[in-house]
Amino acid sequence: GMGGPMGGMGGGGEDNAVVECPASVVGKVIGRGGETIKDAIRQSGARIQVDQQSEPDGRGMKKIHVTGTSDSVNRARQILEGIIENAVSQDQGRHMGGGMGG
């Protein structure tokens, strides 16, 4: 058969994506007790795994792995990017006393 070592269980077009998240806001993306990330999983239907073990890369980014159907992966990415954007702007507001607005 085909399926190499990566071929897991996923029948029916499994898709996956990686969303980058500034390490400083990973906690906000996950939420208290994982609430925020659980919401995103529920809303999107995708599996979302925050790579907390590995070190941030050179730009201080952590990776969030998203797996599911291409629809659910797209939804999850939009949700995550929204959460990250909010978290980052709150974060910057704290440090800089008001951002530039965008």
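Is Ala-23 buried, partly exposed or exposed, and what is its relative accessibility? Ala-23 counts as partly exposed because its relative accessibility is 31%, and the partly exposed class lies between under 20% for buried and over 50% for exposed. The views below come from a predicted model.

**View 1. Ala-23 sits in the loop between β1 and α1.** Helix α1 covers residues 26-30. Beyond its neighbours within four places in sequence, Ala-23 is in contact with Pro-56, Gly-60, Met-61 and Lys-62. Pro-56 lies 33 residues from Ala-23 along the chain. The C-alpha atoms of Ala-23 and Pro-56 are 6.4 Å apart.

**View 2. Three strands build an open sheet.** The strand order is β1-β3-β2. Pairing is antiparallel. Strands β1 (15-22) and β2 (47-50) are the edges, and each pairs on one side only. On average, neighbouring strands of this sheet are turned by 20° against each other, direction ignored. In general, the strands of a sheet pair through backbone hydrogen bonds.

**View 3. Strand β2 runs antiparallel to β3.** Strand β3 spans residues 61-68. Four bridges join β2 and β3. Arg-47 has Thr-67 of β3 as its bridge partner.

**View 4. Confidence is highest in helix α2 and lowest in helix α3.** Helix α2 (residues 35-44) has a mean pLDDT of 97. Helix α3 (residues 70-96) has a mean of 91. The protein averages a pLDDT of 86. Of the residues, 80% score at least 70. Where pLDDT is low, predicted coordinates should not be read in detail.

Technical notes:
Residues are numbered from 1 along each chain as its sequence is written. This is a predicted model: local features need pLDDT of at least 70, side-chain atom pairs count only at pLDDT 80 or more; totals for chains, interfaces and linings use all residues. Side-chain values use heavy atoms; hydrogens and water are left out. Two strands pair if DSSP finds at least two bridges between them. Helices (H or I, at least four residues) and strands (E, at least two) are DSSP runs, numbered from the N terminus. Axes are lines fitted to C-alpha atoms, for helices over the stretch in contact, and angles run from 0 to 180 degrees between N-to-C directions. Buried means under 20% relative accessible area, exposed over 50%, partly exposed in between (1.4 Å probe, protein chains only). Contact means heavy atoms within 4.5 Å. pLDDT is the predictor's confidence in each residue, from 0 to 100.
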